[in-house]
Amino acid sequence: MSKKRVHELAKQLKEQGIELSNQELVDKLHALGYHEVKSHSSSLEDDQAHAAYEKIVAERKPKPAPVRATGPGFVVRKRAHVEPPTVISPPPAPEPQPVYEAEPAPADLAAEAAPAEAGAPEPAPAPSVEQPAAPAEAPALAAQAPASPGAPAAPAAPATTGEPAPAPVSAPATAAPVTAPTAPVPAAAQPPRPGMPLPSAPRPGAPAAGPARPGAPMAAAPHAPTAPAQPAVDPRTLRPTSTQAVVISRPTVPVRRVTPPTTSRSAYPAAPGPRALGPVRELKVVPGSLGREREFIDVSRDKNKRGRSTGRPVSEEAAKNLSGKELLQAAISDRAYIPIRGKKKKPTKKGAKTQITEKAEHKKVIRVEESISVSELSQAMGVKASDLIRKLMQAGKMATINAQIDADTAAFLATDFGYTVEKKGFEVEEFIPEVAEDESKLVLRPPVVTVMGHVDHGKTSLLDAIRQADVAAGEAGGITQHIGAYNVQTQHGPITFLDTPGHEAFTAMRQRGAQVTDLVVLVVAADDGVMPQTVESIKAAKAAGVTILVAINKIDKPGATPERVMQQLTEYELVAEQWGGTTIMLPVSARTKQGIPELLEYISLQSEVLELKANPEKLAAGRVIEAKLEKGRGPVATVLVEEGTLRVGDALVTGIHYGRVRAMMNERGEHVNDVPPGYPVEVLGLSGVPVAGDEFNVVEDEKSAKEVAQHRAEKARQKELGSVKKATLEDLFAKAKSGGGKVLNIVVKADVQGSAEAVTQALQKAATKKVGVKVLDSGVGAITESDVLTAAAGNGIIVGFNTKPETKVDNIASQQGVKILLFDIIYEAVDKIREEMAALLEPIIKEKPLGKAEVRQVFNIPRVGTIAGSAVTEGIVKRTGHVRVLRDRKVVFNGKIGSLKRIKDDVREVAQGFECGIGVENFSDVKPGDILEVYELEEIRQSLD
Ligand SMILES: Nc1nc2c(ncn2[C@@H]2O[C@H](COP(=O)(O)OP(=O)(O)OP(=O)(O)O)[C@@H](O)[C@H]2O)c(=O)[nH]1
């Protein structure tokens with residue numbers, strides 16, 4: 001025997017217009033005695049199901065009244081133009097609570113409503129009042145109502161027409177119920193079918209009313225039409241019986257309905273849910289016709305039902321014109337050729353291999369200026385830098401990737417890789433050409449005489465005597481600390497003198513002086529004789545191949561012994577003419593001016609012998625004697641013109657600096673416009689402070705001067721890069737020299753470049769094994785904030801020589817904790833620096849014995865502690881001293897004396913032979929017989945050496 005499930009029974013009942021929910025039906029079946037029914041999926045025997053069906057139908061439909069709908073549903077209706085009759089309805093609902101009529105709507109009322117509406121001429125009646133009666137199909141149709149609330153045109157046409165809904169018009173009165181033209185609410189527009197139960201009133205949440213105001217589901221409630229024919233029964237007054245349940249109210253839960261698949265689906269997005277995804281299609285991927293595409297073919301089972309599925313695939317041509325989205329849609333709905341990107345096979349020639357192109361020989365040339373870094377060379381040749389480094393190592397050269405290698409090394413490496421290195425070389429000669437000397441244009445020039453000698457032997461005084469100007473008086477400490485260049489007009493013609501400092505620190509300056517000079521006047525004090533710097537000056541002059549003329553000075557002094565000097569000089573291969581030698585030695589006195597005219601005469605004679613000539617018509621060239629930075633004037637260079645004539649406006653280059661000569665001043669501070677060869681002059685207009693001793697050249701124009709200067713700067717930079725490692729090693733060496741200990745870092749600032757150089761050298765020489773000296777920076781000019789910061793970074797000090805800090809720099813220095821030491825005498829600078837160096841060393845703590853005391857008796861005094869009554873046996877005992885307690889020659893305590901008393905008085909010290917009371921701090925275990933060794937600690941400064 002077959003079975004029937006509860007939900008099937010429910011369906012069967014529904015066909016009879018009895019709408020019961022599954023649970024209601026289960027309850028009902030329980031009520032009918034079918035207790036085995038548990039849920040809607042429980043089954044009943046066929047006969048049982050039939051019996052139950054009969055019973056329920058009998059109960060719910062006692063007589064086949066076509067006009068009366070039975071069932072639990074209630075109709076909420078609203079009629080247009082109908083005065084609300086007396087309604088038995090729930091008390092006025094203040095809130096949107098659904099109101100249901102207890103009385104089902106009579107069918108005739110619906111029929112009556114239709115004509116009434118038909119008569120209504122309003123073209124656009126309010127849709128909500130266009131529901132005179134629920135048509136018979138309402139339940140079914142209602143299910144098809146669009147889920148989208150507020151949709152003005154119901155998307156679903158009545159099933160009977162199968163046509164799209166026209167414009168929303170109200171249903172004409174004459175329209176047959178079934179064939180009635182579509183209305184905005186088609187379901188509502190149809191009259192009920194006889195025998196069919198009236199549908200439930202549209203739920204407030206369901207917008208079955210079509211154009212009804214969305215979001216106002218309960219709008220109809222106040223105007224709910226009623227059925228006057230039947231006395232209305234308030235459902236809440238009903239009581240359920242054993243056979244019939246009473247629905248008092250139904251929850252107004254808005255139901256989201258899934259829109260059936262229609263053509264309008266695209267216009268109304270489907271509600272989320274399993275069916276909202278629409279039908280699932282199976283797509284098969286097949287190769288395209290050309291083999292380079294893929295074709296998607298819908299192989300879904302229901303494809304025949306779909307209108308387009310059997311259509312032709314989108315052609316390859318058409319597919320090309322489609323956008324990506326369209327292409328995808330086409331692929332999903334039909335077929336399309338999808339070109340597969342990135343899968344193209346490149347047409348390859350059979351047997352063709354990747355060609356490795358070789359550089360043409362003429363392209364395998366690397367132009368190197370001065371040097372090139374390993375990485376640059378590797379890039380230029382397209383080889384690995386590591387390969388180059390390996391080759392360099394094999395050749396015994398250690399290099400890193402950033403190391404600079406010179407052109408020759410680069411050439412050595414390049415040949416291994418088939419490259420040649422061409423020295424690009426910046427040809428300075430292009431800018432500063434070597435011009436063959438035109439003898440006819442050579443004219444006599446003044447001799448350049450450098451006065452050299454030991455400190456305080458009277459060089460400046462001698463020059464002063466010659467120039468008749470008192471320069472020495474203005475010098476700090478009476479020492480010539482930087483070179484002076486003067487041209488002196490003598491009876492025998494002009495002579496240019498260079499005064500060089502005698503201090504040992506100025507060796508470089510002396511050497512420079514010797515290099516640019518024609519004659520050296522070696523000043524030796526007759527009372528002092530040959531001294532170290534005398535010897536150094538001799539060496540410098542000889543190295544430069546310059547004739548030496550000896551001036552034995554201070555012969556006015558009582559202890560002057562010129563012969564002794566002459567004798568000493570013979571040790572240095574300087575034999576006086578009067579002794580058969582070749583060296584002119586003149587006894588002079590700067591003070592009494594004795595021998596000065598003879599000295600000048602000899603200088604002139606010597607220059608004549610030397611035939612000192614130069615071409616004044618050439619572009620000027622010469623040497624920088626001294627350079628400094630002056631406030632308001634900028635870089636000032638004292639230059640000696642050696643050839644050509646230097647003019648204001650000339651483009652000049654010296655070292656890495658260049659510029660146009662803005663102004664020139666002679667030794668008397670007078671402005672000059674042109675300076676012939678053999679004359680010194682101060683030059684303004686350079687881009688920076690040049691290096692003393694550097695050559696200078698006048699070039700065609702400022703642009704050329706700049707190019708030469710920049711080239712030199714670049715060279716210097718490359719050299720610096722290459723020497724980084726060396727510098728580091730030097731640092732390590734310096735540290736090792738100072739025993740790996742302390743290093744005093746110094747920033748040197750001086751008025752002129754030569755002084756800065758000399759001070760730097762002097763300070764560096766002060767380094768000892770214990771404390772090293774590192775000059776962090778050395779420069780010319782006032783002490784700036786930048787100098788302070790440099791010193792601060794190195795935790796160092798600043799040494800200013802003949803210079804001072806700029807405004808506010810003092811404050812910054814004190815903020816940064818940087819000490820600025822200013823000097824104008826080099827000895828003082830060195831002495832002070834040695835003090836600073838010594839201060840870096842930790843002091844040595846030394847024990848100094850004071851005396852001894854023997855403990856005779858021990859007293860324990862309340863609130864004071866243990867006091868050792870002792871007798872001072874040796875030296876003295878000091879209150880501030882340290883004490884060592886010895887017992888049986890062993891130290892039992894070491895500490896400080898806490899108190900010292902004689903009788904009852906506190907005393908500072910007790911001498912030998914006296915008794916006293918000694919309190920030992922933090923020690924109370926003193927015993928008679930103990931020896932108290934008293935001592936004090938001394939801090940001793942370490943010596944630098
Ligand atoms: N009695 C005497 N004293 C002289 C003579 N020449 C120089 N002095 C003194 O010697 C001292 C040093 O003279 P300077 O001219 O400064 O000596 P210097 O060689 O230029 O010294 P530096 O510039 O330090 O190298 C001064 O006190 C002079 O007055 C001289 O002929 N006779």
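This is a predicted model: local features need pLDDT of at least 70, side-chain atom pairs count only at pLDDT 80 or more; totals for chains, interfaces and linings use all residues.
Q: What about contacts between residues at least 6 apart in sequence?
A: Among those contacts in the protein chain, 69% join residues at least 24 apart, and contact here means heavy atoms within 4.5 Å.

Q: Let's turn to helix 9 and helix 10; at what angle do their axes cross?
A: The axes of helix 9 (residues 374-381) and helix 10 cross at roughly 120 degrees and come within 8 Å; axes are lines fitted to C-alpha atoms, for helices over the stretch in contact, and angles run from 0 to 180 degrees between N-to-C directions. That makes helix 9 oblique to helix 10, since angles under 35 degrees count as roughly parallel, over 145 as roughly antiparallel, 65 to 115 as roughly perpendicular and the rest as oblique.

Q: Which residues meet there?
A: Val 374, Leu 377, Ser 378 and Met 381 in helix 9 meet Ala 385, Leu 388, Ile 389 and Leu 392 in helix 10. The residues of this contact divide into seven nonpolar, one polar and no charged, with Ala, Val, Leu, Ile, Met, Phe, Trp, Tyr, Cys and Pro counted as nonpolar, Asp, Glu, Lys and Arg as charged, and the others, Gly among them, as polar.

Q: How does helix 10 sit against helix 11?
A: The axes of helix 10 (residues 385-394) and helix 11 (residues 407-416) come within 11 Å and cross at roughly 115 degrees, which makes helix 10 roughly perpendicular to helix 11. Leu 388, Lys 391 and Leu 392 in helix 10 meet Thr 409, Leu 413 and Asp 416 in helix 11, and the residues of this contact are three nonpolar, one polar and two charged.

Q: Switching to helix 1 and helix 3, how far apart are their axes?
A: Helix 1 (residues 6-15) and helix 3 (residues 46-60) have axes 11 Å apart and pack at an angle of about 35 degrees. The contact is made by Leu 9, Gln 12 and Leu 13 of helix 1 with Ala 49, Ala 52, Tyr 53, Ile 56 and Val 57 of helix 3.

Q: Last topic: which residues form the aromatic pair?
A: Phe 893 and Phe 923 form a stacked pair, 4.6 Å centre to centre with 15 degrees between the planes; rings of Phe, Tyr and Trp (its six-membered ring) pair if their centres lie within 6.5 Å, and planes under 30 degrees apart count as stacked, over 60 as edge-to-face and the rest as tilted.

Q: Are they buried or exposed?
A: Both Phe 893 and Phe 923 are buried.

Note on methods. Residues are numbered from 1 along each chain as its sequence is written. Side-chain values use heavy atoms; hydrogens and water are left out. Buried means under 20% relative accessible area, exposed over 50%, partly exposed in between (1.4 Å probe, protein chains only). Helices (H or I, at least four residues) and strands (E, at least two) are DSSP runs, numbered from the N terminus.
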